[in-house]
Amino acid sequence: MIAKLFRVVKLVENSGYGFDKMEMGWRTYNNNTPSFLQGQDYMKVVFQTGKRDYSGGAKGGAKDELLLSERQREVYQLIKGNPSIGYREVAEGLGINPSASQKHFDSLKEKGIIKRKGASRGGYWDVLK
């Protein structure tokens with residue numbers, strides 16, 4: 001109530017009124033919500049596209065890293081170390097269910113990081129990125 005009185009007499013801005021609209025709009029088009037980081041004298045809003053993380057910028061000429069969960073990074077490292085590894089071997093190595101392992105493989109395939117070459121037996125994973 002007091003904040004409204006200050007706005008009416010134009011002693012403060014209508015700060016904060018657009019946050020709900022930003023969050024709902026971004027969620028509608030990208031299926032995720034922006035991050036709101038608040039400091040003592042600033043507010044930072046990070047809009048993630050779900051494809052790449054541009055928050056840190058490139059270091060030493062390195063390319064942006066794809067957004068991967070910690071578990072997806074572990075699966076990626078196992079595949080990179082052994083391109084003929086299967087879902088069950090990854091599941092055993094990480095102590096997770098084979099169905100969870102398969103979901104991580106599917107996610108890496110959708111992101112264009114890995115691609116299957118050859119048959120399920122005798123084939124291998126081509127690491128694209």
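## Hairpin, helix pair and core

Phe36 stands opposite Val45 in strand E2. The model is a predicted one.

Strand E1 covers residues 35-38. Strand E2 covers 43-46. E1 and E2 run antiparallel and are joined by 4 bridges.

**The chain as a whole.** The protein chain has 5 helices and 4 strands. Read from the N terminus, its elements run α-α-β-β-α-α-α-β-β. Of its 129 residues, 17% count as buried. Take the contacts between residues at least 6 apart in sequence: 29% of them join residues at least 24 apart.

Thr33 sits in the loop between helix H2 (19-30) and E1. Its relative accessible area is 37%, so Thr33 is partly exposed; the class lies between the 20% and 50% limits. Leaving aside neighbours within four places in sequence, Thr33 is in contact with Glu23, Trp26 and Arg27. Thr33 and Met22 are 11 residues apart in sequence, and their C-alpha atoms are 8.9 Å apart in space.

Ser69 lies in the loop between E2 and H3. Ser69 has 33% relative accessibility and therefore counts as partly exposed. Ser69 and His104 are 35 residues apart in sequence. In space, C-alpha to C-alpha, Ser69 and His104 are 9.4 Å apart.

**The core.** Which residues make up the largest nonpolar core? There are 11 of them: Leu68, Val75, Tyr76, Ile79, Ile85, Val90, Phe105, Leu108, Ile113, Ile114 and Trp125. Helix H3 (70-81) and helix H5 (98-110) are the elements that give two or more residues to this core. The largest share, 3 residues, comes from H3. In soluble globular proteins, nonpolar side chains tend to be buried together.

Phe105 is one of the core residues. Not counting residues up to four places away in sequence, Phe105 touches Val75, Ile79, Ile85, Gly86, Tyr87, Val90, Ile114 and Trp125.

**The H3-H5 pair.** How do the axes of H3 and H5 cross, and within what distance do they come? They come within 10 Å and cross at roughly 80°. Angles of 65 to 115 degrees count as roughly perpendicular. H3 and H5 are therefore roughly perpendicular to each other.

The residues that meet can be listed by helix. H3 brings Arg71, Gln72, Val75, Tyr76 and Ile79. H5 brings His104, Phe105, Ser107 and Leu108. Among these, Val75, Tyr76, Ile79, Phe105 and Leu108 belong to the largest nonpolar core.

**A buried serine.** Is Ser101 buried or exposed? Ser101 lies in helix H5. Its relative accessibility is 0%, so Ser101 counts as buried. Leaving aside neighbours within four places in sequence, Ser101 is in contact with Tyr87, Val90, Ala91 and Ile96. Tyr87 and Val90 are also touched by Phe105.

**Salt bridges.** The structure holds 2 salt bridges. Side chains of opposite charge can pair when their charged atoms come close.

| Salt bridge | N to O distance |
|---|---|
| Glu74 and Arg71 | 2.8 Å |
| Lys109 and Asp106 | 3.4 Å |

Glu74 and Arg71 both lie in helix H3, 3 residues apart, about one turn of the helix. Lys109 and Asp106 both lie in helix H5, 3 residues apart, about one turn of the helix.

How accessible are the partners? Glu74 has 29% relative accessibility, so Glu74 counts as partly exposed. Arg71 is partly exposed because its relative accessible area is 29%. Lys109, with a relative accessible area of 35%, is partly exposed. Asp106 counts as partly exposed at 27% relative accessibility. Arg71 also belongs to the H3 residues that meet H5.

Note on methods:
Residues numbered from 1 in each chain as written. Predicted model: local features only at pLDDT ≥ 70, side-chain atom pairs only at ≥ 80, totals over all residues. Heavy atoms only, no water. Core = buried A, V, L, I, M, F, W, Y, C linked by side-chain atoms within 4.5 Å. Buried < 20%, exposed > 50% of the residue type's maximum accessible area, 1.4 Å probe, protein only. Contact = heavy atoms within 4.5 Å. Pairing = 2+ DSSP bridges. Salt bridge = Lys/Arg side-chain N within 4 Å of Asp/Glu carboxyl O. Axes fitted to C-alpha atoms, helices over the stretch in contact; angles between N-to-C directions. Parallel < 35°, antiparallel > 145°, perpendicular 65-115°, else oblique.
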